[in-house]
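Opening the notebook on this one. I want to go through the sheets, then the cores, then the overall totals.

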Amino acid sequence: MRNSWLVPAGAIAATLVVAACGSSSSNTGGSGSSPAASAPAAGSTTALATKKVGSATLLTNSKGHTLYWFALDNSTTSKCNGGCVQFWPPVVGPVTAGSGVTGTLGVITRSSGSKQATWNGHPLYTYVGDTAPGTAKGNGINLNGGVWHDVVLAGTAAASPSASSGGGGYGY
C-alpha cells in the first residue's frame with residue numbers, strides 16, 4: 001500500500017504530457033502561430049523570384065528558396081495542415097511577381113485563417129530540407145499523402161535524390 005499513490009501521480013503526469021503535445025501543433029493564425037504561417041505586416045508583400053537549378057528555372061521566394069506545390073491541394077484549399085507545415089511551411093500571401101516570374105498569383109485562406117500565396121491555382125510552400133538558396137530537395141517526394149513538386153517556369157526539373165525514399169507517403 002505504500003506505493004499506491006504512484007499510479008494516480010503517473011496518470012496525471014501522462015495526461016499533462018499528452019495535453020501539452022496536443023496543443024503544440026495547433027495553428028490558430030494568432031500570436032502563437034509559427035513564423036511561416038503568420039500574417040505579413042499590413043500593406044506588405046513579398047516579391048517572388050526565379051532561380052536556375054540544374055536545367056530548370058524554378059519559382060523561388062525572395063531569398064532564393066525553391067517553392068513547391070502539393071498534389072493533394074486544390075485552388076481553394078491546402079491539404080497540408082498540422083505537422084505537415086513544420087516541413088512544408090506555407091508561403092504567406094499576398095505576393096508579387098518579381099522579374100521573370102510568369103503565371104497567375106493569388107491568395108487562399110487556410111483553415112487556420114491565415115493567408116497563403118498561390119501560383120496558377122496551386123498553394124505555395126517552401127521545404128525545410130532546402131537549407132540554402134538554389135536547392136530543390138523536395139521535388140518528387142511522396143510525403144503527407146501526396147507528391148510534392150517544385151514550380152518549374154522553364155525547362156525540366158530533376159527529381160530529388162530522396163524522392164524514391166518517400167516512406168509510404170505519410171512521413172512527417
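Predicted model: local features only at pLDDT ≥ 70, side-chain atom pairs only at ≥ 80, totals over all residues.

**Three-stranded sheet**

I started with an open sheet of three strands, ordered E5-E6-E7, with antiparallel pairing. Strands E5 (105-109) and E7 (122-123) are its edges, each pairing on one side only. For my own record, helices (H or I, at least four residues) and strands (E, at least two) are DSSP runs, numbered from the N terminus. Two strands pair if DSSP finds at least two bridges between them.

Residues are numbered from 1 along each chain as its sequence is written, and side-chain values use heavy atoms, with hydrogens and water left out.

Next I checked how E6 meets E7. Strand E6 (residues 115-119) is joined to E7 by two bridges, and the two run antiparallel. Trp-119 stands opposite His-122 in E7.

**The loop between E5 and E6**

I looked up Ser-112, which is found in the loop between E5 and E6. Is Ser-112 buried or exposed? Ser-112 counts as buried because its relative accessibility is 17%, and buried means under 20% relative accessible area, exposed over 50%, partly exposed in between (1.4 Å probe, protein chains only). Its side chain makes a polar contact with the side chain of Ser-114, at 2.9 Å. The term covers a pair of N or O atoms within 3.5 Å; within protein, one must be able to donate a hydrogen and the other to accept it, and residues adjacent in sequence count only if both atoms are side-chain atoms.

**Four-stranded sheet**

On to the open sheet of four strands, in the order E4-E1-E2-E10, where the pairing is mixed. E4 (95-97) and E10 (152-154) are the edge strands, each pairing on one side only. I get an average twist of 40° from one strand to the next. The angles run from 0 to 180 degrees between N-to-C directions, with axes as lines fitted to C-alpha atoms, for helices over the stretch in contact.

Where does the mix show up? E1 (residues 46-53) runs parallel to E4, with three bridges joining them. Thr-46 stands opposite Val-95 in E4, and Ala-47 has Thr-96 in E4 as its bridge partner. E1 and E2, by contrast, run antiparallel and are joined by five bridges. Ala-49 is bridged to Thr-60 in E2. E1 and E2 form a hairpin with two residues between them, and Gly-54 in the turn has a positive phi of about 65°.

**Cores**

I then turned to the nonpolar cores (buried Ala, Val, Leu, Ile, Met, Phe, Trp, Tyr and Cys residues joined through side-chain atoms within 4.5 Å). The largest has 15 residues, of which Tyr-68, Cys-80, Trp-88, Tyr-125 and Trp-148 touch the most other members. Strand E2 (56-60), strand E3 (68-70) and helix H2 (84-87) each give two or more residues to this core. Apart from it lies another core, of eleven residues, including Leu-48, Val-95, Val-101 and Leu-153.

**Totals**

I count two helices and ten strands. Of the 172 residues, 34% are buried. For contacts (heavy atoms within 4.5 Å), residues 24 or more positions apart account for 65% of those with a separation of 6 or more.
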